[in-house]
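Trainee: I should like to go through this model and learn the reason behind each term. May I put my questions to you one at a time?

Mentor: Please do; let us begin by looking at it together.

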Amino acid sequence: MSTSFPPQSSSPARRSLLVGAVIGTGVMAAVDEIVFHQLLGWHHFYDRSTPGVGLLSDGLLHTAELLALVTGFFLYADLRRRRARYPASCLAGFVLGLGAFQLFDGIVDHKLLRLHQIRYGVDVTPYDWAWNAAGAVLLLTGTALAVRAGRRGRRGPAS
């Protein structure tokens, strides 16, 4: 039984895509947490309680983001060690991960669950549009890169 992730039954190009997506998700979570939570102080991950709970929620988000990054980089190193890394698929997955995190945060966290808003004390409509449009652009770009990588991937992995 294989204990590796992603499963060995998937193609190396698909594993490269998934590894890139894990890293991209972690990077976008880090950008969100560092820029919007810490530097700008616009919100916490969970703003529907006390400031202490908000700070705790930011710490939990930071922990999850670091776990995603460490896991992603270990998996990336394993791909390189096995000479099974498809750089175009890794890049496509990375951009897909960026966009998926951004859209999930904008739609699910901001609107459906209402864990937090992007900003408080202002009309959030332009912020929501910009946030979700940026996520959609990243997701569409990642999809285009994945299709392109799939066409080029027949050449084999990078050494």
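Trainee: Which backbone oxygen lies 3.1 Å from a polar atom of the side chain of His43?

Mentor: In this predicted model, that atom is the backbone oxygen of Gln117. The side chain of His43 also has a polar contact of 3.0 Å with the side chain of His37.

Trainee: What makes the pair of His43 and His37 a polar contact?

Mentor: The limit for such a pair of N or O atoms is 3.5 Å. The distance here is 3.0 Å, and the pair therefore counts as a polar contact.

Trainee: Where is His43 placed, and is His43 buried or exposed?

Mentor: His43 belongs to the loop between helix 1 and helix 2. Its relative accessibility is 4%, and buried means under 20%, so His43 is called buried. Its contacts, leaving aside neighbours within four places in sequence, include Asp32, Phe36, Asp58, His116 and Tyr120.

Trainee: Why is Leu40 called partly exposed?

Mentor: Leu40 is also placed in the loop between helix 1 and helix 2. Its relative accessibility of 42% falls between the limits of 20% and 50%, so the term is partly exposed. Together with Ile34 and Leu39, Leu40 makes a nonpolar surface patch of about 290 Å².

Trainee: How many helices and strands does the protein chain have?

Mentor: The chain has four helices and zero strands, and from the N terminus the order is α-α-α-α. Of its 159 residues, 36% count as buried.

Trainee: How do you know that the span of helix 2 agrees with its number of residues?

Mentor: Helix 2 has 31 residues, 51–81, and at 1.5 Å a residue it should span 45 Å. Its end C-alpha atoms are 45 Å apart, so the two values agree.

Trainee: Which helices do the buried residues of helix 2 pack against?

Mentor: They pack against helix 1 and helix 3; among these buried residues are Leu61, Ala68 and Leu75. The buried residues of helix 4, including Trp131 and Gly135, likewise pack against helix 1 and helix 3.

Trainee: What makes Asp78 and Arg81 a salt bridge?

Mentor: The nitrogen and the carboxyl oxygen must lie within 4 Å. The closest N and O atoms of Asp78 and Arg81 are 2.7 Å apart, so the pair qualifies. Both residues lie in helix 2, three residues apart, about one turn of the helix. An α-helix has 3.6 residues a turn, so residues three or four places apart point the same way.

Trainee: Which other residue forms a salt bridge with Asp78?

Mentor: Arg82 does, with the closest N and O atoms 2.8 Å apart. At 40% relative accessible area, Arg82 is partly exposed, whereas Arg81, at 59%, is exposed because the value is over 50%.

Trainee: What does the search of the whole structure find in the way of salt bridges?

Mentor: It finds three salt bridges, one of which joins Asp128 and Lys111 at 2.7 Å. This pair links distant parts of the chain, with Asp128 in helix 4 and Lys111 in helix 3, 17 residues apart. Asp128 is buried at 9% relative accessibility, while Lys111 is partly exposed at 31%. Through shared partners, salt bridges join Asp78, Arg81 and Arg82 into one network.

Definitions and conventions:
Residues are numbered from 1 along each chain as its sequence is written. This is a predicted model: local features need pLDDT of at least 70, side-chain atom pairs count only at pLDDT 80 or more; totals for chains, interfaces and linings use all residues. Side-chain values use heavy atoms; hydrogens and water are left out. Helices (H or I, at least four residues) and strands (E, at least two) are DSSP runs, numbered from the N terminus. Buried means under 20% relative accessible area, exposed over 50%, partly exposed in between (1.4 Å probe, protein chains only). The expected span of a helix is 1.5 Å times one less than its number of residues. Contact means heavy atoms within 4.5 Å. Patches are made of residues with over 30% relative accessible area and no salt bridge: like charges are joined within 9 Å, nonpolar side chains (Val, Leu, Ile, Met, Phe, Trp, Tyr) within 5 Å. Accessible areas come from the Shrake-Rupley method with a 1.4 Å probe; for residues, only the protein chains shown count as cover. A salt bridge is a side-chain nitrogen of Lys or Arg within 4 Å of a carboxyl oxygen of Asp or Glu. A polar contact is a pair of N or O atoms within 3.5 Å; within protein, one must be able to donate a hydrogen and the other to accept it, and residues adjacent in sequence count only if both atoms are side-chain atoms.
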